[in-house]
Amino acid sequence: MSTARIQPHSGAAFARIHGVGGYRPVRVIPNAEVLGWIESSDEWIRTRSGIAERRWAGPSETVAEMSVQAAGKAIAAAGIDASRIGGVIVATVSHFKQTPAVATEIAERLGCGTAPAFDISAACAGFGYGLSLADGMIRGGSAEYVLVIGVERLSDLTDTTDRSTAFIFGDGAGAAVVGPSDTPGIGRIIWGSDGSQKDVITQTEAWDTAFAKPDAVNGVGAEQKWPALRMEGQTVFRWAVWEMAKVAQQALDAAGVTADQLGAFIPHQANMRITDAMIKALKLPDSVPVARDIAETGNTSAASIPLAMERMLESGEAKSGDLALIIGFGAGLVYAAAVVTLP
Amino acid sequence: MATKDEVLEGLAEIVNEIAGIPAEDVELEKSFTDDLDVDSLSMVEVVVAAEERFDVKIPDDEVKNLKTVGDAVNYILANAS
């Protein structure tokens, strides 16, 4: 056995979010446009989902570009120089070039030097998963500041002929700068997965088998039928409301915070009906402001929590220093919830 | 053990609370979707509330078979512990 010892190391006592920023694509898709694809009505879409319009990215609004825009705002809000960022984590399920990770390009464009940069896949819980990693990196001493980005182009995975999902998804990016803090700014993160329900929300087909099919099956060129996102609505609804209400309560308990002390409830913007039912299941007091960004943004998966957080802070609905309960949940199934101090 | 009338009455209260339908309209032969305008997500809320009230498990696979109020009442009567 060697007598040499590895020198101990440690980081900041606590971590918190120092700044958030978002990017919303220019093109607005109102429900009226969706009605050109599916047999439905504005009222039906609104009562089933709470969505009035969503943003869809154009060709120049790539995953990298939207991320750089959102992260630039978050870094400015945090008031730090990008060179102090020691980690870039990008949560996404809709960046179609797997290698290299898109995070490295984003880190380079932002001026984050040689910061470790990598992508994670945790669907609609991606932001919470990234936050958990960032919290550990900062407190463990492997980074001073970490950039967590949730970014999606779900329009690329939307089957516009599927009446049950065509109206749901949107595109965008949300970013947070996480860094050291003298007081706890991120409660213990309650996170997990349930692979027994892997088929409840899923891409319809793997890329390799989809592309291996002859044109006769798949169509040709631009008409080629891509894999898309599908979900079993009732099963997802039941899990997202009643199982996730328990997870949200665990996050409150772990932080030692009661619901009436919250300055904001920011659930993943999956569906307004899920949010409303979750409020009931959690017995959240009416006094707590609730994120309802989905009405104008649609479901943007990993991007939805930071986008909604930015909107609540900008509109004054929630204030810096307030406590917010965040919870992400989605395909996997995966989930992550925590109480955080708003930047 | 609840009687058929008690289950119907309890279910009517649940449907009233969740979907705002007058309890007296909730009758055995009524279809949740076609007659009572209970959409698929409200149906899940009704099912979860019924599970709690009648101490019964109603799996997702079963929910689609509960077309009418009578289907739900019979399922609850047959499966309540």
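A residue counts as buried under 20% relative accessible area, as exposed over 50%, and as partly exposed in between. In this predicted model, A:R311 has a relative accessible area of 28% and is therefore partly exposed.

The side chain of A:R311 meets that of A:E296 in a salt bridge, with 2.6 Å from N to O. This pair links distant parts of the chain, since A:R311 belongs to helix α11 (residues 304-315) of chain A and A:E296 to helix α10 (residues 294-297) of chain A, 15 residues apart. Through shared partners, salt bridges join A:R24, A:D293, A:E296 and A:R311 into one network.

Over all chains, the structure holds 23 salt bridges. Three of them are listed below.

| Salt bridge | N to O distance |
|---|---|
| A:R311 and A:E296 | 2.6 Å |
| A:R109 and A:E65 | 2.6 Å |
| A:K198 and A:D199 | 3.4 Å |

The salt bridge between A:R109 and A:E65 ties together parts that are 44 residues apart in sequence, because A:R109 lies in helix α4 (residues 102-110) of chain A and A:E65 in helix α3 of chain A. A:R109 is partly exposed at 38% relative accessibility, and A:E65 is partly exposed at 22%.

Chain A also contains an open sheet of five strands with mixed pairing, in the order β1-β7-β6-β4-β5. Strands β1 (14-23) and β5 (117-120) of chain A each have a single partner strand, so one side of each is left without a neighbour in the sheet. From one strand to the next, the twist averages 20°. Helix α3 (residues 63-78) of chain A packs on this sheet, touching β1, β4 (85-91), β6 and β7 of chain A.

Definitions and conventions:
Residues numbered from 1 in each chain as written. Chains lettered and ligands numbered in written order. Predicted model: local features only at pLDDT ≥ 70, side-chain atom pairs only at ≥ 80, totals over all residues. Heavy atoms only, no water. Pairing = 2+ DSSP bridges. Helix = DSSP H or I, 4+ residues; strand = E, 2+ residues; numbered from the N terminus. Axes fitted to C-alpha atoms, helices over the stretch in contact; angles between N-to-C directions. Contact = heavy atoms within 4.5 Å. Salt bridge = Lys/Arg side-chain N within 4 Å of Asp/Glu carboxyl O. Buried < 20%, exposed > 50% of the residue type's maximum accessible area, 1.4 Å probe, protein only.
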